[in-house]
Amino acid sequence: MSDRSDLLLAIADDELFLGWRNSEWTGIAPFLEEDVAFSSIAQNEIGHARALYELAARELDTTADELAFDRDADEYRCAPLVQLRRLEWARTIARHWLYETADEIRLAILKASDDSEIAGIASKIDREEAYHRMHAEMWVERLLATGEGRARFNDAVDELWPYALGVLDDALRPELRERVEERLGRKLPDAEPVPRGRHETELRQLWEEMTMVRRSAPTGARW
Amino acid sequence: MDTRTQEFLEYVQDGGQVETGDWMPDEYRSKLVKFIEMHANSELMGVLPERDWILRAPTLQRKLALTAKIQDEVGHAQLIYRVVADLGKPRNACLDDLVSGRAKFHNVFHYPTKTWGDVGVIAWLVDAAAIVSQKALLKCSYAPYARIMKKICWEESFHILHGRDVILALVTGTQEQFELVQEALDRWWEPLMHFHGNQIPPDEDPMFVWRIKSQANEDARQQFLDGYVPQIRELGLEIPDSALRKDEESGRWLYTEPDWEKLRAVVTGHGPASQERLDFRRLSREQVAWVEQVVLAEAA
């Protein structure tokens, strides 16, 4: 597999899994308005995953659906941050915000890529991610505004921080640290990143569930 | 009945519509709240049978469509609770009554979803049954409710297309896929026949008397059967009621009388998935209760 497909799959897998995780709030978010918001975000993420898989599929001579569903659980390249099962609300917001912050850094590099297809798709994705970032920031502001919200949010960020570092390559991690520390107005602990490629137990469970319908008919069946 | 109430009743029975700020009899207001609240609860509880399948949807396109469909249902709940709030019952009071089991929601949402076939049947036929009732609400005597029904009906008609597309893919697929649909239809036929309620004469149905509903239960069921029995049969599926046929003379559908006691039991919380669904909603609500406190404290 080329570096290009490898890169496309890594980002597509991130978006696919986060889309799945965000849609776990469907029907049960703290407010109906948030239910609708997280559902929109989930749909965008899945749409981004599909566009990225389509690009990779051309090179790998397959289809977006086959890349999304028909690989073995061990072959997914997503960061462990997005593998974690539905987190309680403060952690959900922390993951949302940390991911969007990391994704913005990653997309800025891709938008400047010499590969016009990658640069094009990154710009397109970034236009939607801008709204996700606004949504995440609104919640960060809300949570930081009260004692209880602040305590819960800070704990959540500390817990997920090693996972957030794992979304990006070594070279981009200092920028993520700088942005997060600036927004929070405090230093974050030194942490060993939880690297891409590591598979949480939740990944296998999610894979079993997300492929169960599809696996119930022979390969190539229409759904 | 006092003169003013009598005049109001005649006004709505003549097709007149009422706005939020208009005078209305207390009985009318409480019937409206009960009816509209149950609709909102049903939209919200209707999310639960389908939400598990977002994760299991077998293609990216199906996953996107299902997520969007369920999002629509939450959006409908949001809109409809707002109508209830304007009538004097805030959303949180409705949600309290819902999780405590004091308020009702539609019979079809008290059943489990067992396979991807159920997902198709719900989106196609449950939503088709719902749209028959909802289209009749476009003429509801309470104008704000009638108005939002336009948007809701428009979105529901997309859900039916999505459901039909899921079903078409399955019935033209492998034998096992076809059987998924047949089994789902077998499971859902009774709840579908229950859906529009028992054959109460419209003059004895207070919701009709006040013209909250503009259609008798049986008329709604007949309209559903007229629209969908031919379509179901056209796909080679068998409807699990040997007595079901259209009487050419009267133009009415004849069918085995559904068990109305069972319907009553289901909607009062004794359906196969009633308690599990309510427990799940109660637990989820408790887990996120702190968020509302934090947000309210921030706003204060």
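Predicted model: local features only at pLDDT ≥ 70, side-chain atom pairs only at ≥ 80, totals over all residues.

Colleague: OK, on to the fold. How many helices and strands does chain A have?

Modeller: Nine helices and zero strands. Read along the sequence, the pattern of chain A is α-α-α-α-α-α-α-α-α.

Colleague: What about the dimensions of chain A? What radius of gyration does it have?

Modeller: Chain A has 17 Å. That agrees with a compact globule, because one with 223 residues would have a radius of gyration near 17 Å. The C-alpha trace of chain A spans about 55 × 40 × 30 Å along its principal axes.

Colleague: How much of chain A counts as buried?

Modeller: 44% of its 223 residues. As for contacts in chain A with a separation of 6 or more, 72% of them come from residues 24 or more positions apart.

Colleague: Let's talk cores. Which residues have the most contacts inside the largest nonpolar core?

Modeller: Ile93(A) and Ala164(A), in a core of 66 residues. Helix H2 (residues 32–60) of chain A gives the most to this core, with eleven residues. There's another core lying apart from it, with 64 residues, including Met45(B), Ile54(B), Ala77(B) and Phe195(B).

Colleague: Now Asn22(A). Where is its place?

Modeller: Asn22(A) sits in helix H1 (residues 3–22) of chain A.

Colleague: Is Asn22(A) buried or exposed?

Modeller: Asn22(A) is buried, because it has 27 other C-beta atoms within 10 Å and the cut-off for buried is 20 or more. Leaving aside neighbours within four places in sequence, Asn22(A) is in contact with Phe38(A), Ile41(A), Ala42(A) and Glu45(A). Glu45(A) is 23 residues away in sequence, with the two C-alpha atoms 9.1 Å apart in space.

Colleague: And the helix itself, H1(A): how many of its residues are buried?

Modeller: 15 of its 20 residues, so H1(A) is mostly covered. Its end C-alpha atoms are 28 Å apart, which agrees with the 28 Å that 20 residues should span at 1.5 Å a residue.

Colleague: Switching to chain B. Which residues are buried in H2(B)?

Modeller: Among them are Tyr28(B), Leu32(B), Ile36(B), Glu37(B), His39(B) and Met45(B). The buried residues of H2(B) pack against H3, H4, helix H5 (91–99), helix H7 (143–171) and H12 of chain B.

Colleague: Last topic, the interface. How many residues of chain B are in contact with chain A?

Modeller: 36 residues of chain B, in contact with 38 residues of chain A. The elements giving two or more residues to the chain B side include helix H3 (47–56), helix H4 (60–86) and helix H8 (175–194) of chain B. H4(B) gives the most to that side, with twelve residues.

Colleague: What does that side of chain B look like by class?

Modeller: The side of chain B that touches chain A has 19 nonpolar, ten polar and seven charged residues.

Key: Residues numbered from 1 in each chain as written. Chains lettered and ligands numbered in written order. Core = buried A, V, L, I, M, F, W, Y, C linked by C-beta atoms within 7 Å. Buried ≥ 20, exposed ≤ 12 C-beta atoms within 10 Å, placed from the backbone. Helix = DSSP H or I, 4+ residues; strand = E, 2+ residues; numbered from the N terminus. Rg over C-alpha atoms; globule rule 2.2 N^0.38 Å. Contact = placed C-beta atoms within 7 Å. Nonpolar A, V, L, I, M, F, W, Y, C, P; charged D, E, K, R; others polar. Expected span 1.5 Å × (residues − 1).
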